[in-house]
Amino acid sequence: MSESLRFEVFTSEGSPAAAALPGDGELDALAGEALVARGALLERRCAGADFLGWLDLPLAAEDWIEDVLSLSLDLVAEVDHLVVAGIGGSYLGARAVLKALSAPGPRGGRVVLDQAGWEPVGPEIHFAGHDLSGAALDDLLRRLHGNTFAVNVISKSGTTLETAAAFRVLREELVKRHGTEADDYIIATTDPDRGALRAMARARGWRSFPIPPDVGGRFSVLSPVGLVPLAAAGLDVTALLDGARSMRERFLAEPESPVAAAAQLLADPVLHYAALRQHLRRSGKAVEVLACFEPALAALGDWWAQLFGESEGKGGQGLFPARVAYTTDLHSLGQYLQDGPRHLFETFLHVEHPAPGPILAAGGGERDGLDNLAGMNLAEINRAAERGTMTAHDAGGVPVLRVSVARADESGLGELIWFFEAACAVSALMQGVNPFDQPGVEAYKAEMRRLLER
Ligand code: PA5
C-alpha cells in the first residue's frame with residue numbers, strides 16, 4: 001500500500017503567522033470535534049448520510065472497472081476523439097486528473113515513451129457542456145470536423161441545461177454523419193434507474209454506466225463519471241483507485257492502543273487538515289488559497305475549489321476556495337498574497353519528486369544573471385522558488401500549510417482525491433453544514449428558466 005501523502009503545518013511558533021494557529025488547549029478541543037465528525041461520517045449518522053457512497057468508491061469500483069477498461073479499448077479502435085459532456089462534478093474531476101497526467105502529444109491523449117518514440121494512447125479528450133458559449137461549441141465542432149468522435153454524456157440528473165444543450169448539438173452532428181448508427185457513438189453516464197438521460201439511454205440502446213445514487217457530483221470522480229474518460233485517455237485508473245484505497249485505509253484505521261485525541265489528530269492528515277481549516281476560519285480567515293508549483297496541477301485546484309466551495313459555502317459561512325499556479329501567479333497575485341489583507345491562509349500542494357526537466361547550460365558569458373544556476377535542472381530551481389515563497393508568505397503573516405505526495409502520478413492523485421474529499425466532509429461537518437447538498441445553485445437556474453420561458 002503506497003502511503004506517500006503527508007500534511008504539515010509550515011508556519012512555526014514564533015513566525016508572524018503563528019498567532020492564527022491553535023494553542024495546545026485549542027488543539028485538544030479541535031481534535032475532539034474532528035473525531036466526532038469522523039465518527040458521524042463512518043457510522044453514517046451525519047447530515048447528508050444518504051450521500052456517503054464516495055467513502056467506498058475505491059472498493060466499489062470493482063463492480064464496473066472491467067466494463068470501463070473494455071470500453072476504453074473499444075474506443076481506441078473506434079474513434080480519434082472523445083467529447084465528454086458534463087458540468088461541475090460531472091467533469092472537473094476527470095479534467096483534473098487528465099491535465100495532471102497527460103503529456104502534450106500529437107492527439108492530446110496520453111503519450112508514452114517507448115522505443116518507437118512518443119505514441120498517443122487513446123482518443124483525444126475534449127470537455128463540453130460546461131458552459132453555454134456558442135463560440136466554444138463552434139470551436140469544438142471545427143476541431144471535430146473530418147475526425148471521428150464519440151460522446152460521453154455525463155449527468156446524474158439528466159436535465160442540466162449546459163450539458164443537455166451541448167449534447168443535443170453533438171448528437172445532431174453524429175446523426176448527420178452516421179444516421180441511425182449515431183447511437184453507437186454515444187456513451188451515457190447517469191443514474192442507474194432514474195432521470196431523462198437513463199430513459200433515453202434505454203430507449204436508444206446506448207452504452208451506459210451508472211452513477212451510484214448515494215454519490216453526489218463533486219464526490220464522483222472515482223465512479224464511472226471520472227473513470228470512463230480517464231480510462232479512454234489511456235490512464236492507469238487501477239493505480240488511481242489504489243492510491244485512493246490506501247488513503248481510505250489510513251483514515252479508517254483505528255489506533256492500536258488508546259491515544260489522546262490531539263495525538264490522533266496529528267497522526268491523521270485528513271483530520272489535521274480539516275481541523276486547522278475550521279480553526280483558521282473561526283479565527284477570522286475568509287480565504288484558503290491552494291497553491292502549486294506544477295502548472296499541470298492547476299486543474300486539480302479547479303476540482304478542489306468546487307469540492308470545498310459547494311460543500312461549505314452555506315448559511316453565510318465558509319472559506320472562499322481560491323487557487324493559484326506559481327510561479328506564474330507570483331507575478332500577478334504575489335503582491336496581494338505577500339502584502340494585502342491578512343484574511344487568508346495558504347495550502348501548498350507539494351510534489352516531492354517532480355519531473356526534473358532540462359538542465360540550464362553554462363551561459364558562455366551572457367549577462368542574463370543565470371550563470372550561478374548553470375548545471376541545475378528546472379525542478380531544483382522551482383523547488384527554491386517554492387520554499388522561498390512559503391517562507392516569505394509566512395513571514396508576511398499568512399499561515400502556511402502543506403499537502404505533499406511523492407509523485408503526481410495516478411497513485412498520488414488517487415491519494416489526493418480521497419484525502420481532499422474526506423477532509424472536506426469532516427471540515428463541513430465541523431462547520432455545522434451538510435457537506436453533500438448545494439441548495440444555493442438553484443437560484444440562478446430559476447432566474448434563467450424564467451428568462452427563457454416562451
Ligand atoms: O456537485 C454537484 O452535485 C454538481 O456540481 C453537479 O455535479 C452538477 O451540477 C452537474 O449535475 P448533473 O450531473 O446532474 O448534470
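**The ligand site and the cysteines**

Let's start with the ligand: the space it takes is the largest pocket (on a 1 Å grid over the protein atoms alone, a pocket is an open set of points with protein on both sides within 12 Å along at least five of seven lines). Keep in mind that this is a predicted model, where local features need pLDDT of at least 70 and side-chain atom pairs pLDDT 80 or more, while totals for chains, interfaces and linings use all residues. Residues are numbered from 1 along each chain as its sequence is written, and side-chain values use heavy atoms, without hydrogens and water.

Around the ligand there are 13 residues, of which Ser-155, Lys-156, Ser-157, Thr-160 and Gln-306 come nearest (near means a heavy atom within 4 Å). By class, this shell has 9 polar, 3 charged and 1 nonpolar residues.

Now for the polar contacts, pairs of N or O atoms within 3.5 Å. The side chain of Thr-160 has an N or O atom 2.5 Å from a ligand oxygen, and for the side chain of Ser-157 the distance is 2.7 Å. Gly-89 takes part through its backbone, with a polar atom 3.1 Å from an oxygen of the ligand. On its own the ligand has 380 Å² of accessible area, and the protein covers 86% of that (Shrake-Rupley method, 1.4 Å probe).

What about the cysteines? A search of the whole structure turns up 0 disulfides, that is, pairs of cysteine sulfur atoms within 2.5 Å. For Cys-292, the nearest cysteine sulfur is that of Cys-424, 19 Å away. Cys-292 counts as buried because its relative accessibility is 3% (buried means under 20% relative accessible area, with a 1.4 Å probe and protein chains only).

Conventions: Buried < 20%, exposed > 50% of the residue type's maximum accessible area, 1.4 Å probe, protein only. Polar contact = N/O pair within 3.5 Å; in protein donor to acceptor, adjacent residues only side chain to side chain. 1 Å grid on protein atoms, 1.4 Å probe; cavity = no way out; pocket = protein on both sides within 12 Å on 5 of 7 lines; lining within 4 Å. Sits in = over half its atoms within 2 Å of the grid points. Nonpolar A, V, L, I, M, F, W, Y, C, P; charged D, E, K, R; others polar.
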